Amino acid sequence: MWTETLLSGKRIVLGVSGGIAAYKSVELLRLLQKAGADVRVAMTKNAQAFVGRLTFEAISGHPVFDAMFDDAAGHEIRHINWAKGINVAVIAPATASIIGKLANGIADDALTTLLTAVTAPRLICPAMNTDMYENRSVQRNLDILAGDGFILVEPDEGELACKTTGPGRLADPQKIAWRVLGAVSPKDLSGKRVLVSAGPTREPIDPVRYVSNPSSGKMGFAVARAAALRGGDVVLVSGPAALPDPEDVKVLRVVTAAEMAKAVLDEGDAADIVIKTAAVSDYRPVGVSSHKIKKEKDTLVMEMEKTTDILAELGRRKKPGRILVGFAAETREIEKYARDKLKRKNLDMIAANIVGAKDSGFNADTNAIQLFFADGRKEDLPVIDKFSAANIIIDHVAAMIGRKNGT
Ligand code: PMT
C-alpha cells in the first residue's frame, strides 16, 4: 500500500539527533523517498557518532546540513533556505536534549536553528531509555511542544538497546511515514464521522465449515486509512481479514453477515458518510449443524436464506445530508448492475469492479474501478493501487459535502 506517488512533489526535512535509533532514520529516509518525496537531512554532531553523514548524503542526493558555519555552503543561508517551502519536517530520532532545546526556544546548532525557522508541520519522534522518556522534564517539554503545534509520534514499547523494556523505542519507520503522509494530507473530512465496512463475511454450515468469498479487506482498509488521514473520525467494521488495524481508526471485527449488519446499523445512525466496501454474503445456511456433517451421502443439498441487505437498509434510513457510497463486484454487465444498485439502494455513488479482471477486485493490491453517481455521471479509473483509488473516492465524497480538495 506504500506506493511511489503518495508523497510525490513533497519536500521534507528529516532531522536526526544522536541516539542509537539514528540507524532507523536511514530506513525512514528510504520510505519517504520511495513515496516520491524530495528529502534533505539535517543532523546533529552527536547523531554522526551513530550514522555517518555520507550515508545520508548518498541516499538523499543532497548535502547534509550539520554545521552553521560551513565553508562548503558558501554564502547560502541554509537554515532559512531549507526551511522555506518545505511541506513537513520530521525529527527522528528526537533525543531528550533536542526535545528540551526546541521546547525552550534554544537554537544553537544547525538542526535546532533550522527547525526554529520551519513554519510547515513538524513531527517529533522521541527515542530514548524508558526512565529518561518518563522523566518529568522530558514529559513537560513534550507537552510544551504539543502546545506549540508539534505532532508527537509516540515511541513504541519493547526491549531497548540498554536492555530495559518499556516505552522509548523509536516508532516503526513505516508508522512514522504514514504520520508524515497524514501531516501533508488535506483535512477535508475533519469533523465528519465516517463508517467503512470491509472484508468478507463467513456464514457457518457446521463447526468446521463456512460459506464465504475471497475478499481480503485491502480495499476497505485502504478507504478507512485514507478517510482517517484526511481528518475523518473513522469506524471500520471488518469481516475476517488478516490485516492490522489502520492507525487512528476504531476497528470492530465481526464474522457473520448478521454481526456485520448489527455493527453497521448501530454505528450508521451517527455517521455522516458511509462507504460499504465489504463483500457481504447474500445468503446463509438455514440452521447451523451443531456437529460436523458426516460424509455419508453422495450429494448434499443445503437450504440457504437471504441475509439482511445492509446497504439497502442504510439507504432506507438515509437522513438528509448523509453520503452513502456502495461498491459492486460484477462478472458482467457492470454498468447495468451498478446503476441498478445505485438507484435501488438510494446511494450517492457506487464503485464497481469487474471480478476476475487482471490486477483488480478480490485480493489484488490494485483495482480498476468505475464510479457511477446519482446524477448520472460516470468516471473510469485506471488500474491503480487500492490506496490511490480510495483517495479518489474520498475526493468525490469531500466534494459532495462541499469541501474542496486541499482545504
Ligand atoms: O477486499 P478486497 O480483497 O480488497 O476486494 C475488494 C472488493 C472486491 C471486495 C471490493 O472492491 C468490492 O467490490 N466490494 C463489494 C463486493 C460486493 O459484495 O458487491 P455486491 O455487488 O454483492 O454488493 C453491493 C453492495 O451492497 C456492496 O456495497 C455491499 O457491501 C452491499 N451489501 C451486499 C449484500 C448485503 N447482504 N449487504 C450489503 O450491504
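**Exercise 1.** Is Trp-178 buried or exposed?

*Solution.* Start with the cut-offs: buried means under 20% relative accessible area, exposed over 50%, and partly exposed in between, with a 1.4 Å probe and protein chains only. Trp-178 has a relative accessible area of 7%, so Trp-178 is buried.

A word on the ground rules: this is a predicted model, where local features need pLDDT of at least 70 and side-chain atom pairs count only at pLDDT 80 or more, while totals for chains, interfaces and linings use all residues. Residues are numbered from 1 along each chain as its sequence is written, and side-chain values use heavy atoms, with hydrogens and water left out.

**Exercise 2.** Work out how Trp-178 and Phe-387 pair, and which parts they join.

*Solution.* First, the definition: rings of Phe, Tyr and Trp (its six-membered ring) pair if their centres lie within 6.5 Å; planes under 30 degrees apart count as stacked, over 60 as edge-to-face and the rest as tilted. Next, the geometry: the two rings are 5.2 Å apart centre to centre, with 75 degrees between the planes, and the pair is edge-to-face. Finally, the location: Trp-178 lies in helix α8 and Phe-387 in helix α13 (residues 386-400), so the pair ties together parts 209 residues apart in sequence. Phe-387 is buried too, at 2% relative accessible area.

**Exercise 3.** Which residues form one aromatic cluster?

*Solution.* The cluster consists of Trp-2, Trp-178 and Phe-387. Of these, Trp-2 is buried, with a relative accessible area of 9%.

Conventions. Helix = DSSP H or I, 4+ residues; strand = E, 2+ residues; numbered from the N terminus.
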